[in-house]
Amino acid sequence: MKESFWGIFIITLGVSAIIFIFFFQNITTTSEQNYTLLREVTEAAMYDAVDLATYRETGVVRINREKFVENFVRRFAESASLQNDYVIRIYDVNEVPPKVSLGVQTKVSGSSKEETVDVLIDNKLDAILETPY
């Protein structure tokens with residue numbers, strides 16, 4: 001009887017460890033995907049928002065604030081995962097020099113039979129558009 005309890009304990013411990021590893025792998029993967037998506041979409045939206053007329057006339061690199069926000073939201077929505085809810089916060093958009101500060105917050109939840117664990121993943125990014133002279 002004593003050996004059977006040890007067997008049940010080992011099997012329960014193994015199943016608990018697998019659930020724990022799966023949950024934290026899901027959190028880590030979501031965070032990495034969000035950061036990569038945030039970085040790539042921000043860069044592409046900044047290039048799309050460059051005001052070419054101002055650049056041709058004065059030689060100053062300037063981005064259009066409304067065009068950046070529109071392109072960022074559109075590109076992020078096209079590439080984001082449909083199973084997560086996202087909160088996009090745009091803190092600052094400087095037109096000259098081109099600089100943006102923004103963040104994306106995602107809620108990831110994992111559940112077992114008795115309880116549900118919710119984790120908020122917050123990715124923030126400050127980006128400056130650099131141009132060669």
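Visitor: Let us start with one residue. Is Ile 121 buried or exposed?
Guide: Welcome! Please keep in mind that this is a predicted model. Ile 121 has a relative accessible area of 6%, and the cut-off for a buried residue is under 20%. Ile 121 is therefore buried.

Visitor: Which element holds Ile 121, and which residues is Ile 121 in contact with, apart from its neighbours within four places in sequence?
Guide: Ile 121 has its place in strand β3. Leaving aside neighbours within four places in sequence, its contacts are Ile 27, Thr 30, Ser 31, Val 104, Gln 105, Thr 106 and Val 108.

Visitor: How far apart in space are Ile 121 and Ile 27?
Guide: In sequence, 94 residues separate Ile 121 and Ile 27. Ile 27 is also one of the residues in contact with Ile 121. From C-alpha to C-alpha, the distance between the two is 7.9 Å.

Visitor: Now the helices, please. Is the crossing of α1 and α3 right-handed or left-handed?
Guide: The axes of helix α1 (residues 2-48) and helix α3 (residues 65-79) come within 8 Å and cross at roughly 140°. That angle makes α1 oblique to α3. As for its hand, the crossing is right-handed.

Visitor: How many residues of the contact of α1 with α3 are nonpolar, polar and charged?
Guide: On the α1 side, the contact includes Leu 37, Leu 38 and Val 41. On the α3 side, among them are Phe 68, Asn 71 and Arg 74. By kind, the residues of this contact divide into nine nonpolar, three polar and four charged.

Visitor: Asn 71 was in that list. Is Asn 71 buried or exposed?
Guide: Asn 71 has its place in helix α3. Apart from neighbours within four places in sequence, Asn 71 is in contact with Ala 45, Asp 48 and Ala 49. Since its relative accessibility is 8%, Asn 71 counts as buried.

Visitor: And Glu 32, is that residue buried or exposed?
Guide: Glu 32 has its place in helix α1. Glu 32 and Asn 123 are 91 residues apart in sequence, and their C-alpha atoms are 9.2 Å apart in space. With a relative accessible area of 52%, Glu 32 is exposed.

Visitor: What about Leu 52: how far apart in space are Leu 52 and Ile 63?
Guide: Leu 52 belongs to helix α2 (residues 52-58). Leu 52 is partly exposed, as its relative accessible area is 48%. Leu 52 and Ile 63 are 11 residues apart in sequence, and from C-alpha to C-alpha their distance is 8.8 Å.

Visitor: One last stop. What kind of peptide bond joins Val 96 and Pro 97?
Guide: Pro 97 lies in the loop between β1 (86-94) and β2 (99-111). Most peptide bonds are trans. At the bond that joins Val 96 and Pro 97, omega is about -15°, and this peptide bond is cis.

Technical notes
Residues numbered from 1 in each chain as written. Predicted model: local features only at pLDDT ≥ 70, side-chain atom pairs only at ≥ 80, totals over all residues. Heavy atoms only, no water. Axes fitted to C-alpha atoms, helices over the stretch in contact; angles between N-to-C directions. Helix = DSSP H or I, 4+ residues; strand = E, 2+ residues; numbered from the N terminus. Parallel < 35°, antiparallel > 145°, perpendicular 65-115°, else oblique. Left-handed = near helix turned anticlockwise from the far one by under 90°. Contact = heavy atoms within 4.5 Å. Nonpolar A, V, L, I, M, F, W, Y, C, P; charged D, E, K, R; others polar. Buried < 20%, exposed > 50% of the residue type's maximum accessible area, 1.4 Å probe, protein only.
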